[in-house]
Each structure stands twice: as C-alpha cells, then as structure tokens.
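Here's a quick briefing on the pockets and ligands in this model. Have a look at the structure first, then work through the points below.

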Amino acid sequence: MSSVTLNTGASIPAFGLGTWQSPKGAVGKAVEIAIRAGYRHIDCAHLYENEDEVGEVLQKLFKEGVVKREDLYITSKLSCFLMSNKEDVTESLTDTLTKLQLDYLDLYLIHCPFAAKKGTPFMKLQEGIIGYFPDMIASVWETMEGFVAKGLTKAIGISNFSITKTENLLKTAKIVPAVNQVECHAYLQQTKLQQYCKSKGIAFEAYSPLGSPARFNVQPGDPVVMEDPAVKEIASKHGASPAQVCIAFLLQSGLVVIPKSVTESRIIENLKATELVLTDEEMKSLRAIDKNCRLLSFQWFAPDKTVDQIWDASEDEAFVLQ
Ligand SMILES: NC(=O)C1=CN([C@@H]2O[C@H](COP(=O)(O)OP(=O)(O)OC[C@H]3O[C@@H](n4cnc5c(N)ncnc54)[C@H](OP(=O)(O)O)[C@@H]3O)[C@@H](O)[C@H]2O)C=CC1
Ligand SMILES: CC1=C(/C=C/C(C)=C/C=C/C(C)=C/C=O)C(C)(C)CCC1
C-alpha cells in the first residue's frame, strides 16, 4: 500500500480507517475487520468517545499475533474541551493512551483550532465555546512538542487549520506540523490549502473523503459527491463503486485518505480502492467537479463568527453549507 513521507522522515500509510460516529458495539468489530483485511492506519480522536473499544481490539490483535504495534499507524487528536492549560492537554493525551492501551501514538493532532470549556456536555457544546486564540494554540503546541520529546507520540500535527491559522502557529512552533487533516473530497478539493501545505512540508490528510453522507448536519438537497454523474460514470467504466472512485481520486492526488465505515463489505470495498488506477483524463474530469463546498462548517465552535471568518475564506472563498 502506498505511503506518504512526513517531515519527520517517517511514513504514514496513505489509506486508513476513520472512526468518527462509529458507535461503541460496532467500532471494535470495524477495526478488527479492517486490520485483518490489511488496513494499517486507524484515525481516532478523544472526541469520538470510542477509543476504549478500539484499544480493546488492538490488544486482542496484538496478543493473537495478527499485527505488531510497530506495523500500525495510530493517530489521535486533542479534545477541544482540554486546550486551556498544560494539565488539560496532558490529560487528553494520557486519557487517549490509556483507552487505546498504547505506550505511544504515531501522530497526535490538535483536533481543531477552537477551544471549548472543560466539562461542557458535548450535546451543549455551543454553551461552552471559548473560541480561537492564537496564544492558546501556541502554548498547546509547546506542550505537544514536549510529548514528542517524551516519546509519547512520534509526530504532531494539526486539523481544521486554514493557511492563516497555520501561519500563526508557525510563528512560534519549534516543530513544523507533520500533517494538516482537513475536509477534502471531490466537491471541496482545497487546492490552495494543499499547495500551501506542500510548500511548508506539511502532509495533507483528507477527511470525509466520501462527503460524510451520515454527518449530523446533513440536509435534504445538499450536494452528494458519491452521486455526482462524473463519479458514477468513471465508476461504471471501471466496474468500481462511486466510493472507490472518490477514494482513488484523492490517493492518486498524493493525499492521505481516511474513509470511515462500520460495514464489513464497505470496509473491504474501500480498501480495494487502493488498487484502482484512474487515467489522466479521469483525474482531469474529477478535478473539474470541485464546488468549493464545505460540508462540516464548524460554526458551532464560533457562533459569533461567520463561516467565512471561521475558515479565513478570503483564502479560498469556500461555498459553505450552513
Ligand atoms: N479532524 C476532523 O475534524 C474530522 C476528521 N474526520 C475523520 O475522517 C473520517 C472519515 O470522514 P467521515 O466524516 O466519517 O465521512 P466519510 O466521507 O468517510 O463517509 C463515511 C460514511 O460513508 C459511508 N460509507 C463508507 N464506505 C462506503 C461505501 N463504500 N459506499 C457507500 N457508503 C459508504 C459510511 O457508512 P457505514 O459506516 O454505515 O458503512 C459513513 O456513513 C472520520 O471517521 C474521522 O476519522 C472526519 C470529520 C472531521
Ligand atoms: C452543534 C451540535 C452538535 C455538535 C457537533 C459537533 C461539534 C461535531 C463535531 C464533529 C467533529 C469534530 C468531527 C470530526 O472529527 C451536536 C452535538 C451534534 C448536537 C447538535 C448541535
């Protein structure tokens, strides 16, 4: 399977399994199916509230000799509720390592540049929002640099950072982020952010590569990337599924891609997309369907800001679904 070389010198498998909204009772099974089938990269987060079940299944697979820790690439992310001080940031990582039953992560990301008050119930998130503060991010980053020094994570990175917010971070960072994980699919191709990340040596990770069809804020009439005529046409030419075309498009663009599924047949189907080779012509027609359409606005993290302000939209003038 192809991989991307990070600015640390390590490689990240270009294809991995997402676990957001993978419910307890299903996420462990999904991770087990995935690893047995050949996945070697799992994308986790404190916020997903399912890391304990992922940890149990990893332990089981290690004990059975199915896979070794060093052959897996495990990412997790700092909770937005635990960003206000060094103790909270350390608590988030420690809690994740305990739940995943691991000594170290391969990659630890700031989940998003916005913070929320510790203890806020997730369902009342809007009541606990603090916002985006460059100074807070700078000190979170300093703490995370300490995690690398202590061997608690091999690399650190960011998620949901615009060019402006990344530039702010780079003013004080001693370690350049290894990765920026952001929404990216055929309807939000993020070419400008991709170019910027490349220029800084930051690898680009595409989340919601299938257009996150079951996201909590989905509305009737929203554009559906897997139903795009160009995607469907290319899929039928290859005897492939639209999901496979969406994944192959991003992989062939040199990105890291982490589709989520808890359905056995889809977990396997998505893995097979790593073998699908699209022609230059097909890549060109997929590049042409970009709508600059953001599906996860993150506005709940900054209700006082417009969605354009949240994403520093002058950078990309994204059309955003509210
Ligand atoms: N850093 C961040 O802020 C974010 C990170 N992420 C990460 O990226 C991962 C992927 O993004 P996500 O938003 O989950 O969305 P995806 O674009 O990966 O879509 C997942 C959805 O598509 C369905 N699906 C999966 N495979 C297929 C297929 N072959 N055919 C048809 N439908 C399919 C899944 O259903 P089912 O499971 O029922 O099979 C699920 O409902 C997340 O799980 C998470 O790890 C995502 C959002 C934000
Ligand atoms: C506003 C809001 C919600 C918040 C959703 C959030 C904050 C989702 C964050 C998703 C992330 C960060 C995903 C990927 O990594 C709830 C709880 C659904 C309830 C309804 C209102």
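The largest pocket has a volume of about 1,200 Å³. It has 47 lining residues, and W20, Q21, S212, A214 and R215 sit closest to its centre. Bear in mind that this is a predicted model: local features need pLDDT of at least 70, side-chain atom pairs count only at pLDDT 80 or more, and totals for chains, interfaces and linings use all residues. Residues are numbered from 1 along each chain as its sequence is written, chains are lettered from A and ligands numbered from 1 in the order in which they are written, and side-chain values use heavy atoms, leaving out hydrogens and water.

**How pockets are found**
- On a 1 Å grid over the protein atoms alone, a pocket is an open set of points where a 1.4 Å probe fits, with protein on both sides within 12 Å along at least five of seven lines; lining residues have an atom within 4 Å of a point.
- Grid points are joined across faces, edges and corners, and a volume is the space filled by probe spheres set on the points.

**Largest pocket**
- α8 (242–252) and α9 (264–272) each put at least two residues into the lining of the largest pocket (helices are DSSP runs of H or I, at least four residues; strands are runs of E, at least two; both are numbered from the N terminus).
- α9 has the largest share of that lining, with three residues.
- By type, the lining of the largest pocket splits into 23 nonpolar, 16 polar and eight charged residues (Ala, Val, Leu, Ile, Met, Phe, Trp, Tyr, Cys and Pro count as nonpolar, Asp, Glu, Lys and Arg as charged, and the others, Gly among them, as polar).

**Second largest pocket**
- The second largest pocket holds about 320 Å³ of space; of its 18 lining residues, Q194, K198, F204, G254 and L255 are closest to the centre.
- β1 (3–5), α6 (191–200) and β11 (203–207) each supply at least two lining residues here, and α6 gives the most, with five.
- Nine residues of this lining are nonpolar, eight polar and one charged.

**Ligand 1**
- Around ligand 1 there are 31 residues, of which D43, S212, K260, S261 and T263 come nearest (a residue counts if one of its heavy atoms lies within 4 Å).
- Polar side-chain atoms of Q181 and N270 each lie 2.9 Å from a nitrogen atom of ligand 1.
- Taken alone, ligand 1 exposes 900 Å², and the protein buries 91% of that (accessible areas come from the Shrake-Rupley method with a 1.4 Å probe; for residues, only the protein chains shown count as cover).

**Ligand 2**
- W20, Y48, H111, F122, M123, L125, F216, F298 and W300 are the residues around ligand 2.
- An oxygen atom of ligand 2 is 2.6 Å from a side-chain N or O atom of Y48, and an oxygen atom of ligand 2 is 2.7 Å from one in H111.
- Ligand 2 taken alone exposes 540 Å², with 82% of that buried by the protein.

Conventions: Polar contact = N/O pair within 3.5 Å; in protein donor to acceptor, adjacent residues only side chain to side chain.
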